[in-house]
Amino acid sequence: MADASAIKLSRMVLEKEPYVRFAVTDIDGVCRGKHLSGEKMASMLEGGGTIASAVFGWDIEDRLYDRVSFTGFHTGFPDIGLRLDPSTARQLPWDDGRWLILGEHVQADGQPLPICPRQVLKRVLAKAERMGFTAQVGVEFEWFVLAETELSVRQKGYRDLVTATHGATNYSPFRIDAQQAFVRDLFTNLNAMDVPLEALHTEAGPGNFEAAIRYTEALQAADRAVLFKESVREIGRRHGLLNTFMAKFSVDYPGCGQHLHQSLWRDGRNAFHDAKGAAGMSDTMRHFIAGQLYGLPQLLPMYAPFINSYKRLVDNNLAPVKPTWAIDNRNASLRVIPGAASSLRLETRSAGADANPYLAIAAALASGLYGIEHQLALELPAVNGANHGAEDVQRLPATLAEATAAMIQSSLAKELFGPEFVNHFVETRQSEVARFNQCVTDWELARYLELA
């Protein structure tokens, strides 16, 4: 529960507010929402509301998809249902304590909308509950902080961008102190709105930060991750900074991941832990890992949804390019973090910082639960060093086109998430590929303009 849960969000509370905010995510994880009067928000909390289905009909650049069946000119972009979740309510310290509530999409009859990212995750968690588990998740984000604004990057044509810190020094108190006021506001504001930061440090490039958000129940973890990205952008703007969660924003600097720390719990105990097992791992955890390894090549667009995502997933970049696992080794896709019964967990390192947190967490948990349900054997040995032992493991798809083609053919994807979601998600990824294939890049101009 957010801090706001201690306050009864009644009509009387909200009607005192001149305006409040709600937010939902589209398929790409972009926050969409409105500023509403307090009276209107109170009404929506009680009876629900609507929003244009166009939120699932345009891409990250707000260009209409030309190949999705769910909505478009052929449907007239009718409204879809919207339900706000009062347990997500919190006040935004940098916005004069303005109330914000997260929502999700529903159909006309009130049933969940199959393509709604938050509903996709909730269906996975309902299955976990039927299997007797609750899932705990902690999310880490890597991203770049730029000494730029929305206007300056456009004026520069997105070239020669200046980072907010200088020098590539990991874990540097000196480097991060260059943005002391921004760092202070991140900690104070995010913690005040129940997005608790456990750690924040510089990463492997100038302006490259990494934050760890405290673990919690999986749905709340995803809500926190969505709020983290939006809040970092808004807080950064007030400091004259632009924050990017692109998987790879520059060829000169490393990529940015979204690392998912997961454990399953039953009857108050960590189901991943077995003191007698190798590295403390239970059979349940081994099945969970086997399920994720099986699912990774088929569900990769849910972890890496954009053309740019695959610029991070390249060799020798500390980003996993094969479905492998290891004990405390960051070269593998799945990193087992040994520890006591309370801390043993699995870190899935495949997702980019650009991925929709609801969908990335859903993919990880659903495939892991599949492994448990079907008692999949963890036949692949743990890799060591620079992925030694993975020589015969087939590489993950190297482009969004390849990954989308694999997902189209995947019966597992449809089994885990339903054909409605898979069909829509695949159509949006196909549209993304088609857009890129029509573009002429700077690389092409420099390479071919004079001599081709």
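**Notebook: helices and aromatic rings**

I began at the end of helix 2, which is followed by Gly48, a residue whose phi is positive, near 80°. Helices here are DSSP runs of H or I with at least four residues, and strands are runs of E with at least two, numbered from the N terminus. I noted that the model is predicted, that local features need pLDDT of at least 70 and side-chain atom pairs 80 or more, and that totals for chains, interfaces and linings use all residues. Residues are numbered from 1 along each chain as its sequence is written, and side-chain values use heavy atoms, with hydrogens and water left out.

**Entry 1: helix 2**

I looked up which residues of helix 2 (residues 38–47) are buried, and found Gly38, Met41, Ala42 and Met44; buried means under 20% relative accessible area, exposed over 50%, and partly exposed in between, with a 1.4 Å probe and protein chains only. These residues lie on the same side of helix 2, because they cover an arc of only 165° around the axis, where the arc is that of the directions from the helix axis to the C-beta atoms. On the face turned away from this buried side I found the exposed residues Glu39, Glu46 and Gly47.

**Entry 2: helix 11**

In helix 11 (residues 400–408) I found Leu400, Ala403, Thr404 and Met407 buried. Their arc around the axis is only 100°, which puts them on the same side of helix 11. I then looked up what covers them, and the list includes helix 8 (283–303), helix 9 (309–312), helix 12 (411–417) and helix 13 (419–437).

**Entry 3: aromatic pairs**

My search of the whole structure gave 16 aromatic pairs; rings of Phe, Tyr and Trp (its six-membered ring) pair if their centres lie within 6.5 Å, and planes under 30 degrees apart count as stacked, over 60 as edge-to-face and the rest as tilted. Trp143 and Phe209 are edge-to-face, because their ring centres are 5.8 Å apart and their planes stand at 75°. This pair links distant parts of the chain, with Trp143 in strand 7 (residues 134–146) and Phe209 in strand 9 (residues 208–213), 66 residues apart. Trp143 is buried at a relative accessible area of 0%, and Phe209 also counts as buried, at 0%. The rings of Phe144 and Tyr253 have centres 5.7 Å apart and planes at 25°, so I recorded this pair as stacked.

**Entry 4: charge over a ring**

I found Arg98 over the face of Tyr19, at 3.7 Å from the ring centre; the rule asks for NZ of Lys or CZ of Arg within 6 Å of the ring centre and within 35 degrees of the ring normal.

Key:
Contact = heavy atoms within 4.5 Å.
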